[in-house]
Amino acid sequence: MTEVLIAGGAVMGASVAFWLTRMDPGISVTVIEPDPGYATSSTALSAAGIRSQFTNPVNVAISRFGIAFIRDFARHTGPAGGVPDLGLRENGYLFLTETETGAAQLESLAAMQRGLGAGTQVLGPAELAARFPWMTLDGITAGSFGPRDEGFFDNMGLLSGMKNAARAAGARWITDRVDRFERDGDRITAAVLASGARRGADVFVNCAGPRCAGLMRSVNLDLPVEPRKRTIFVVDAPAARQPDAPLVIDPSGIWMRPEHGQWLAATVPATDGPCAEDDFAPQSELWEDHVWPALYERCEGFEAAKVVREWAGHYAFNTLDQNAILGRNPQVPNLYQANGFSGHGLQQAPAVGRGVAEQIVHGDWVTLDLSELGMQRVLDGRPFAEAAIV
C-alpha cells in the first residue's frame with residue numbers, strides 16, 4: 001500500500017486528500033495540520049472568490065473546472081461531505097482600465113477566455129454606466145466583466161466538504177506541524193513534526209501555504225515563495241447598498257465587493273514585501289491612506305463609510321512569476337508540491353488537488369495538462385507569468 005503524507009490540511013491539502021481517496025481507495029493518506037480551527041490559514045482569511053479572468057490560459061482552464069466543481073459540490077463530495085451547497089453568488093468580476101492600451105489588452109484576453117468557455121465581456125464607458133449606474137467612471141476607457149461563472153462562495157464549506165469526504169474514505173488528519181523533511185539522496189524519507197514525532201511515507205506533498213519554502217529549505221531545496229500580508233476591511237456604507245455588485249478591480253489598486261449588506265475592500269501595500277509567518281496584525285492605516293479615497297472617487301455613497309472590522313491574511317507569494325508551482329519535484333521525485341498561488345489558491349484547489357493526485361496515482365497529469373506550472377521552470381529561472389493578481 002502506498003503511503004502519502006500531506007504537510008498542510010487547509011483547502012489545498014484537503015483537495016489532494018479528497019482526490020487521492022477517490023482515485024485509489026487503497027491508498028493510505030495522512031494529513032498533518034497544526035490548527036484544526038484554521039484561524040490563520042489562507043483558506044479561512046480569503047475573500048472567497050472565483051473568476052475566469054486570468055491572463056494565462058492554463059489558469060482559465062483551472063477555474064473552468066473549479067466553477068463546475070463548486071456549482072455541483074454536493075454531487076462531487078456526496079453525503080459524507082456534509083455540505084449541500086456552497087452558496088455561490090455569480091456577481092462576476094469587473095477589471096477597469098484607464099488607457100486605450102489597457103482596453104485593447106482586455107479585448108485580447110477576453111477573446112482568449114471566451115475560447116476556453118468563459119463569458120467575459122468588454123464594456124465601454126457607456127455600457128458600464130448603464131450596467132453599474134452607481135459607479136463614477138471618469139477616466140475609465142473600458143472594463144472586462146464576467147457575467148457568469150464568476151463570483152463568491154463559502155470558502156470554509158469548500159474545505160469542510162472535501163475534508164469530510166476524504167476522512168470518510170479513510171484519510172487521517174493529525175493535529176501537528178511538519179517542521180522539516182528528512183532527505184536521503186533524491187528521496188524524502190520522513191517528516192519531522194513539531195511534537196518530535198517522525199513519520200515516514202512513500203510520497204510527501206507540500207501543501208504548507210505561506211510556510212512552504214521553509215519545508216523546502218529543510219532539505220536544501222529553494223522555492224521562491226514568501227508570505228505577504230493582505231489586510232481586508234469590512235466597510236459599512238449605508239448610502240451604497242449594492243448587493244448585486246461584482247468584485248471591482250480598480251486602476252488605483254484597490255478591490256471591493258459586496259458582502260451581507262456591507263463591503264469587503266483591500267489593496268496592495270505600496271511597500272509590499274515579505275512578512276513574518278506569525279504577523280497577522282492588520283495594516284489599518286491603508287484604509288485612510290488609500291482604500292477609502294479610492295472608494296470615494298469610484299462609487300457613489302461612500303462619504304459616510306466606516307470600517308466595522310478588519311483582518312489580515314497571508315498570500316503564498318511566488319516572487320518568480322506569481323503563478324502556482326505544482327506537481328512532482330524533479331530533484332526529489334517522491335516530493336510533490338502545491339505552492340505559490342499568490343492569492344488564488346482557494347479557487348484553484350479543486351483542479352490542482354485533482355492534478356496532483358493524478359500525478360501520484362497515474363504518474364502524470366491526466367485531465368488537465370499542468371506541466372507549464374511545474375517546478376522545472378523555477379529551476380531553469382524561466383518565469384511563466386500571471387499578470388492578473390488581485
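Where is the place of Asp149? I found Asp149 in the loop between strand 6 (142-145) and strand 7 (151-152). A reminder to myself before going on: this is a predicted model.

Next I checked the backbone there. Asp149 has a positive phi, near 65°, and is a residue other than glycine.

Tyr38 is not a glycine, yet its phi is positive at about 55°. Tyr38 sits in the loop between strand 2 (28-33) and strand 3 (49-50). With a relative accessible area of 4%, Tyr38 is buried.

Then I moved on to helix 6. I tested its length: at 1.5 Å a residue, the 14 residues of helix 6 (residues 155-168) should span 20 Å, and the end C-alpha atoms are 20 Å apart, which agrees.

I went to the ends of helix 6 next. Asp154 caps the N-terminal end, with a side-chain oxygen 3.2 Å from the backbone nitrogen of Met156. Just after helix 6, Gly170 takes a positive phi of about 115°.

Which residues of helix 6 are buried? I listed Asn155, Gly157, Leu158, Leu159, Gly161, Met162, Lys163, Ala165 and Ala166. I also looked for what they pack against, and found helix 1 (11-23), helix 2 (57-71), helix 3 (73-77), strand 8 (172-175) and helix 9 (345-362).

Definitions and conventions:
Residues are numbered from 1 along each chain as its sequence is written. This is a predicted model: local features need pLDDT of at least 70, side-chain atom pairs count only at pLDDT 80 or more; totals for chains, interfaces and linings use all residues. Side-chain values use heavy atoms; hydrogens and water are left out. Helices (H or I, at least four residues) and strands (E, at least two) are DSSP runs, numbered from the N terminus. The expected span of a helix is 1.5 Å times one less than its number of residues. Buried means under 20% relative accessible area, exposed over 50%, partly exposed in between (1.4 Å probe, protein chains only). Contact means heavy atoms within 4.5 Å. A polar contact is a pair of N or O atoms within 3.5 Å; within protein, one must be able to donate a hydrogen and the other to accept it, and residues adjacent in sequence count only if both atoms are side-chain atoms.
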